[in-house]
Amino acid sequence: MDYFLSLLITGLILGIIYALMALGLTLIFSILNVINFAHGEFYMLGGYASYLILGVFTGIHPLLIVPISGLIVAGLGILFEIFFLRPMHEEQIARPAEYAVLVTFGLSFFLQNLALAQFGPYPHAPRPFFEGSVDLGVVNVSADRLTASVLSLLLLGALLLIINKTWLGKALRAVSQDKQAAAVVGINPNAMNTVAFALGVGLAAVAGALLAPVFSITPDVGAVPAIRSYIIIVLGGMGSLPGSILGGVVIGLVESFGAGYFPDPSRALNYKTVFGLLIFALVLLLRPRGFFGRKEV
Amino acid sequence: MKKWIRPMAIVLLLVVALAACSAEPQTVEVTRVVEVEGEQVEVTRVVTETEEVEVEVTRVVETEAEEEPEAEPTESDTILIGGFGPLSAPGSYQGGTEMRQASEMAVDEVNEAGGVLGKDVELIFGDTEGLPERGTAVTERLITQNNVVGLTGEYHSGVALTEMEVAHKYGVPVVFAEPWSDDVTGSGYDEIFRIAPSIDYYSSISTNYIAEVGWEKVVFVVEDTDYGREQGETWQAQLEDLGITDVEVIFADPATEDFTPILQRIAQDPPDMLAGVITGIGNSRMLSQACELGLAPTPETAYYASIDAQYTEFWENVGECGQYVFFTYVGLPRSLWNEKTEMFMTNFEERYGTTPGAVAMEAYDATHMLLAAIEEAGSTEPDAIISALEQMEYTGALGEIWFEYGNHNPLPDDEPAWMWHQWPTPTVMILQYTEVGQSVDEATVVYPPERATGDLYTAPPE
Amino acid sequence: MNQANEFLRRPPVIASIVGAIIALLLPLVVESYWLHILIIAYFYALLASSWALLAGYGGQFSFGHMAFMAIGAYTTGLVTIHWEIPLLAGIALGTIVAGVAGLAIGALTLRFKAAYLALFTIAFSEILRTVIRAESQITRGDRGLRVPALFPEAISRVPAYYVMLGVLLVSLVFMYWLAQSRVGLFLRAIREDEEAAAARGVNVVRYKVLTFVVTSMLAGLAGTIFAHYITIITPNIMVIPQMGLVIAMAIIGGVESLAAAAIGAILIQISLEELRDFGHWRLVIFGALLVLTLRFARDGLLIGLFQRIFRLGPRAEVREVEGVRADGT
């Protein structure tokens, strides 16, 4: 029973962080109608940003760097959105859906190679937020991992508040539902696109910066979280914010219990990621719109 | 239709003209090729012809069935040797780069001392990217295009195993610097020599240590690569021979983020020793996560961190969790340095501004040995070089190096196959960090007993 | 007869024939090492052009092309080793298994919006790689599966060169035929307006799945030949950056034209070899080129060049359709 509980706790802790990253992807998808295939690379950039800044300013507490990394990467996201995605929404580009898939994938190819050429393949880690572990009764969890999870939970809550309670959130939702109607009531859809993209990649970067001291960073560190996020957003229902939060937690638990109870321990770790694909295939077969997806798929 | 006749004719003429070019004496061809290479490799001097042209050309003729070119053996003032290793990802290019630097240094030293057989030596280093298929292509290029007379280097076993086949096909001698797989020298090929430990030998140091301490239940988490799989299998077999049967081997992708679920599983019934045999990022992730869970290193469960713990990034990534970890170290600690080691370390740091690792020492010695063998052989004939290597006793940065078994001293039946053309005594030790941030030189040597500077195993204080 | 004459007179056709003749004569003038580079280049050309058929003609964006290639490679590798069946049978089987996998994935995902295919294939590709690594008793994992050679006796690369070239040329002709046929017509109709096509009675899903299966088989075929040529295959051949490279080749060459994608692949493979001095930065350069090509030269860099040479768009009819659409919507 303790074993079960300990797997449950560690799965939940990671699932919340997974949800944060997937939420960024969903936000971008629901407003821009673009799946950001470079999401993992923004996660990676967030990690490197915090590592590099902490290397220069050795006196600062590492937690303060997390929002700064998020802002820097969000700034890069704004530039990319304006130069590469906005023309698409201004109908300067034929077949925008295809373009969006390719241009974000191309960006991921570029950024991953750039990081590899610039930083090399060796793992780096910024200073930890806090030393040591916290005893949660049935299992010890590192203070950093717990910090990352708690902060992710707070961010998720704050984000849902913004989306549901503020003018910005209303504007975003309006654009996501009907661009033309939104424009009529004076909301600039282009500005909302930029805001949503910056928010989305900023969240990925924050996730990257939060997890950098826990998992360390390499140029390809974003690949696994990105693929996991794709599975989560399909599971939760494309474009649904609550769906991606629930999806993140479910995937966190599935990975934890999957590896914990897989019959052959020598393969358990290898197959941890494979469970995700099985879920992906099952969702497509049985319930293509996921938990809370819009009806048409 | 008329409009297209002329361009077609021009193209056909061009093709015929190009084809005719190939019938010119092969020496011209070689010059062209070498110029192409000259752009790629550090070697900026344009090499025109080499002594080996004749040998290679006859091979080309056999294989390509082209018109037989008139190839004259030509006098050359350079001897070309080839190096190979990973210089870009997915290979471990830090290791590969160090190897290239060390080999270049060795070649420059030889040239300053008057070269080999009265000629200058040039090193052409090929990037294998850590991919077996690239290794094949690079070796083929070095042998058939650059006409190198001998090869040295390589970091990855999987790549070395394919390179070795190419070298064997063309009969070119290779002194491997770092690949560990038993199958490298186990091939029994005349051309293949190695100055790195074999996996069997390397693992026996750790398994004997485990038996000596008296641990009975051990769990290995190994990366699912060529290196990790061979290591895992070897350990299991050796421990079984030593009477330790409660051994579990778990495979993991070296890019695994989170080992926690499997570590929680292991923590259900903690072993005496937990090993993370993973290179790169996975090594530090697993150690940190085991440490955070309170699983290892603890007074009950020791933690073995394989070889990656010797690198400078180790402490950056694991912090306090690295204290009391023990690991295997290949290469020489400062206490065992000889004059050559001192000189090598000083010169390398002066020239490149970095502290070389064991890999650099191996590449340095391997290159020197290859060149010394050519000098000793008095020619660049493969057979003569091989015979010189077999009988060589060389003092390098790593100490006394020789190859016990070869054609001059056939391998006895009771020795393992990998002892062929193998240096029998590379230095392999078990070290333990007792303080956070220690360097390899400061770590305690706990095994083998004749070199130990501390107790067999100091458990972390309760 | 007249029609055949007409066909032969079209400049791109003549250029292709001339290109093919030059490629056939190259072994006379090129050294063994460059033959090797060309064989690999043709392998990528087949992957890039079949991906272009899928994406450029069919509008389906799969990130699993390298996975199907690997399925072909591992299938033929495993059956020729364990069942000791002839290489040709292994190659056929590898191609078929890749097609079957394509059918399964196509049937599962192509009912939905294009994004689902992209999402599913990228996950499938990574997870297949994990499985191949994990099941190392069968696949030998990262240590690499040793596969029988195409021509075990030959030291020369010339026979392998002609095999790879032949497979590439035949596949290109086949894909060209397919693109010109009713299937190609339907594909273009679906890509331009899926609902309109469905309303006119085109079985949208069936044609999409058909294209997906065909291109998966071509990728599998490329993989089988590659495996028997290189004689060692590792899961590293299907990492996502490799997929990115194939996409970069197709896009930079021109995803709207099979020949442009193939030539793009050959040119990029040769430049990767020539630019070895730049180390990893050369991939950064191609990454930047990929993104910029997408943004500013959607048709790729080669098609514009072709048009300038022949003053005739290889796909003039489609461009017109697009022109109308861009104005009308």
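Mentor: Happy to. Leaving out neighbours within four places in sequence, V205(C) is in contact with L110(C) and R111(C); two residues are in contact if their C-beta atoms, placed from the backbone, lie within 7 Å. Keep in mind that this is a predicted model: local features need pLDDT of at least 70, side-chain atom pairs count only at pLDDT 80 or more, and totals for chains, interfaces and linings use all residues. Residues are numbered from 1 along each chain as its sequence is written, while chains are lettered from A and ligands numbered from 1 in the order in which they are written.

Trainee: How far apart are V205(C) and R111(C), in sequence and in space?

Mentor: They are 94 residues apart in sequence and 6.1 Å apart in space, C-alpha to C-alpha. V205(C) belongs to helix α11 (residues 204-230) of chain C. Helices (H or I, at least four residues) and strands (E, at least two) are DSSP runs, numbered from the N terminus.

Trainee: OK, new topic. Which residues have the most contacts inside the largest nonpolar core?

Mentor: A205(A), V221(B), A48(C), V246(C) and M249(C), in a core of 337 residues. Such a core is a set of buried Ala, Val, Leu, Ile, Met, Phe, Trp, Tyr and Cys residues joined through C-beta atoms within 7 Å. Helix α3 (residues 32-57) of chain C gives the most to this core, with 19 residues.

Trainee: What does V246(C) touch?

Mentor: Not counting residues up to four places away in sequence, V246(C) touches Y44(C), L47(C), A48(C), W51(C), H65(C) and M66(C).

Trainee: How many residues of chain A are in contact with chain C?

Mentor: 37 residues of chain A, meeting 39 residues of chain C. On the chain A side, α4(A) gives the most, with 16 residues. By class, that side has 29 nonpolar, six polar and two charged residues. Here Ala, Val, Leu, Ile, Met, Phe, Trp, Tyr, Cys and Pro count as nonpolar, Asp, Glu, Lys and Arg as charged, and the others, Gly among them, as polar.

Trainee: Let's look at chain B. Why is α11(B) said to be largely enclosed?

Mentor: Because twelve of its twelve residues are buried. They include I281(B), R285(B) and E292(B). After α11(B) comes G294(B), with a positive phi near 80 degrees.

Trainee: What joins β11(B) to β12(B)?

Mentor: A hairpin, through two residues. Strand β11 (residues 393-396) of chain B and strand β12 (residues 399-402) of chain B pair in the antiparallel sense over four bridges, where pairing takes at least two DSSP bridges. In that pair, G396(B) stands opposite G399(B) in β12(B).

Trainee: Where does pLDDT stay under 50 in chain B?

Mentor: Over residues 1-74. pLDDT is the predictor's confidence in each residue, from 0 to 100. Where it is low, the predicted coordinates should not be read in detail. Chain B averages a pLDDT of 79, and 83% of its residues score at least 70. Chain A averages 88, with 99% of its residues at 70 or above.

Conventions:
A residue is buried if 20 or more other C-beta atoms lie within 10 Å of its own, exposed if 12 or fewer, and partly exposed in between; C-beta atoms are placed from the backbone.
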